[in-house]
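Hi everyone, thanks for coming.

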Amino acid sequence: MKILAADIGGTAIKIGEVSDKGELLSFAEHPADAKKGGPALMEKLCGLLSGYSGYDRIGISTAGQVDAFRGEIIFANENIPQYTGMKVKQILEERFSVPVAVENDVNAAAVGEGAFGAARDYDDYLCLTFGTGIGGGIVLGGKILRGAGGVAGEVGHLITHKGGLLCGCGARGCYEQYASTTALVREAKKACPACVDGRAVFAELNAGNAAVKAAVDSWIEEVACGLASLIHTFNPPCIVLGGGIMNEKYIQDGLDTALKSVAMASFLKDMKLVRAELGNKAGLLGAAKWAMELKD
Ligand SMILES: [Zn+2]
């Protein structure tokens, strides 16, 4: 079986052909021009997909909240105007006459890591991605936890600071306001104006900037607090950490230490904290896996 998979984000549409073993047979990336809106985005996607042939199914990973069973966009923010309500599955099935699976990008990445990446040995795991915000996918018994509205796993909006910083979701004190990469850069910049992005933060840290080191250490504690809450809730054998920032050894080592001070030892002894392996291909491969499991 060959799957044609696409990963739709605010900035890029990635397209890949995937074998049933999870091998990426081809890969291409195109600008999404998402600001032109959902209908234009779908037209562009259809145009790109029509350049391929010889596939059995289509798997779509997309930004926004997704009803994965209907293959519709429940809600998309202003990054893709007029995308809310888009019947992605129906449009693509009518156009290409093959079964189509549609999944939210964060859940797709979690499925990808479980099928072909860092969590391949686990049926139960959490997959967290640290970037502009914090995305989460919760997999229990090999299945994504969807919840009543299909939107479970929004770990970025765990409230870790009562009355804290205002979040894009409308609440105050959400985890991602303190533990995302954006939050790290914001705090490091207060200590050192040269810290304009994650790379600059680690350049300063490695050059021995003590104020930046203090900001990074404090951020690691923020990350650990959210992780501890999740560890105590799910007692998972594995947590996959994604996002470029998690490649830093200083962060990995710091997290191991920080977790020991906020999580119960009985929860940590059987738990592995692992790095995501599939990088920016995780969503694409997860969408392909989701498509493979469709019934004809
Ligand atoms: Zn929030």
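This is a predicted model: local features need pLDDT of at least 70, side-chain atom pairs count only at pLDDT 80 or more; totals for chains, interfaces and linings use all residues.

Residues are numbered from 1 along each chain as its sequence is written, and side-chain values use heavy atoms, with hydrogens and water left out.

Back to our pair. H5 spans residues 181–191 and H6 residues 198–206, and they pack at about 50° with axes 9 Å apart. Axes here are lines fitted to C-alpha atoms, for helices over the stretch in contact, with angles from 0 to 180 degrees between N-to-C directions. Helices are DSSP runs of H or I with at least four residues, strands are E runs of at least two, and both are numbered from the N terminus. The crossing is left-handed, meaning the near helix is turned anticlockwise from the far one by less than a right angle; clockwise would be right-handed.

Which residues of H5 and H6 meet? Leu-184, Val-185 and Ala-188 from H5 meet Gly-198, Val-201 and Phe-202 from H6, contact being heavy atoms within 4.5 Å. By class, that gives 5 nonpolar, 1 polar and no charged residues. Nonpolar covers Ala, Val, Leu, Ile, Met, Phe, Trp, Tyr, Cys and Pro; charged covers Asp, Glu, Lys and Arg; the others, Gly among them, are polar.

H5 has another partner, H7 (residues 210–234), at about 150° with axes 8 Å apart. These two helices are therefore roughly antiparallel, and their crossing is right-handed. Among the contact residues are Leu-184 and Ala-188 of H5 and Trp-219 of H7.

Now the metal. The zinc ion has His-157 (ND1), Cys-167 (SG), Cys-169 (SG) and Cys-174 (SG) as protein donors, 2.0 to 2.3 Å away. Donors are N, O and S atoms within 2.8 Å of the metal (3.2 Å for Na, K and Ca), and water is not among the atoms, so sites may look incomplete. Angles of 106 to 119° among the 4 donor atoms make the site tetrahedral, a label for four donors with all angles between 85 and 135 degrees. Along the sequence, the spacing reads H-x9-C-x1-C-x4-C.

How values were computed. Four donors count as tetrahedral if all angles lie between 85 and 135 degrees; four count as square planar and six as octahedral if opposite donors are over 155 degrees apart and all others between 65 and 115; anything else is irregular. Angles under 35 degrees count as roughly parallel, over 145 as roughly antiparallel, 65 to 115 as roughly perpendicular and the rest as oblique.
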